Amino acid sequence: MRWPLLFLFLLVVPTGCAHRLRPSDLPPPAASHGHLALAMEAFLRDPASYEQRVARNPVLAGGISSGTSLEAPVLELEAGQAPGVFNDAVQTLAGKPTEAQIVQALGDLHAACDADHEPACQFLKEQNLPPARIQGWVTHPKERSLSFRSEYAVVVLQCRIGLDGRVRDCQVIEDGSGHPSQHLIAQLGESRYRPWTLAGHAASTSYAFTFNLRYGGPADDELSLEQRLGWARLRVAHFPQSGGAWTNLAMQLAVHTPEDPDYPKVLAQAHALAPRFQWTATEMAWLRVQAGQYAAALMALRPALRRSVMGEHPNPYVLETAAAAHFGLNQCPEALAEQQKAVDLLPAEWPAQERERFQRKLRDYQSGCAAPKAVSAATGPR
């Protein structure tokens, strides 16, 4: 049987467009919090993509996704420390820093942004430029090289992009039978990238490539729910150190079977392997709110909140989760501000029951803050 060639493409995040969701594209009334947050993320990236990205299969659509990871030291700053750390980092970058100093400055800027110092967030938004492909392309391996005898294969490579823009030192995190990773690594080696830069200073960086491959059948062919969940569980069994595999399984459970007793454990593992990924951070924080662990919830949520501060598609479910945690800590000004922003940012097309729930929670917080009484921060979607 002849297996058709499917070309891979880079996932592009649109800057925004007007689109009216169809009723069939909306999350169902019984959707879990994780499903709703995932659906909102898909809507904010591309309003036309909810059904493809979430309802059908949140991770398996063909393409390449990628991400930059620099080994910057992780700092925890108090709000009063952030301005000084930010100023020192900017001063370092204004000179002729070494590569180690550039990476250190990145860590300091992220720490200052995490501490709600808005100039640091704005600086990162404007001056932190990820690698970009400038030459070469990657195509699907021509031979059939599938994992677990399914129609899908995922290949995850952790590589480095040097100052010269070359991709090298690739480590295979996930692979398919037949080792399609070797074909893909060879093609990446022929590509050229603009290196990562911070304030105009280049540095080598770790770079993760995720290839979602599909062979055979019409483009809209789908796996059954049983096959989808089984395939996701096989991925984590075969590649237990893959954050992508655990995140895929957590997403599948959140969308299709949120009451699965394994869901909290799967989500915790996904968050442990990728703590700065917005969806896992938000959902982990939401579960901690439900358990009354409000300070821990805010700690988990910090990377997602930083994205909101930086203006990168603020997700109302991130803000809602932050509001619930603040209210649980009796931090009324913060809770009211975050919940009001969440209400204001809900799309007009979003399910009416969700809009009503957000507004009702805001009224609850207003009442509870005016005259303290038993208002729970933990009520909401299952």
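To begin with, which residue does a disulfide join to Cys113?

Author: The model is a predicted one, and in it Cys113 is joined by a disulfide to Cys121, with an S to S distance of 2.0 Å. In general terms, a disulfide is a covalent bond between the sulfur atoms of two cysteines. The torsion about the S-S bond of Cys113 and Cys121 is about 105°, so this disulfide is right-handed.

Another joins Cys159 to Cys170, with an S to S distance of 2.1 Å. Here the torsion about the S-S bond is about 110°, so the disulfide of Cys159 and Cys170 is right-handed. This pair links distant parts of the chain, since Cys159 lies in strand E4, which covers residues 152-161, while Cys170 lies in strand E5, which covers residues 167-174, and the two cysteines are eleven residues apart. With regard to accessibility, Cys159 is buried at 1% relative accessibility, whereas Cys170, at 22%, counts as partly exposed.

There remains the disulfide formed by Cys332 and Cys369, whose sulfur atoms are 2.2 Å apart. It connects distant parts of the chain, with Cys332 in helix H13, made up of residues 332-345, and Cys369 in helix H14, made up of residues 352-370, the two being 37 residues apart. The angle about the S-S bond of Cys332 and Cys369 is -95°, and this link is left-handed. On the matter of accessibility, Cys332 has a relative accessibility of 21% and is therefore partly exposed, and Cys369, with a relative accessible area of 22%, is also partly exposed.

Finally, if the bonded cysteines are counted along the chain, the disulfides follow the pattern 1-2, 3-4, 5-6.

Definitions and conventions
Residues are numbered from 1 along each chain as its sequence is written. This is a predicted model: local features need pLDDT of at least 70, side-chain atom pairs count only at pLDDT 80 or more; totals for chains, interfaces and linings use all residues. Side-chain values use heavy atoms; hydrogens and water are left out. A disulfide is a pair of cysteine sulfur atoms within 2.5 Å. Helices (H or I, at least four residues) and strands (E, at least two) are DSSP runs, numbered from the N terminus. Buried means under 20% relative accessible area, exposed over 50%, partly exposed in between (1.4 Å probe, protein chains only).
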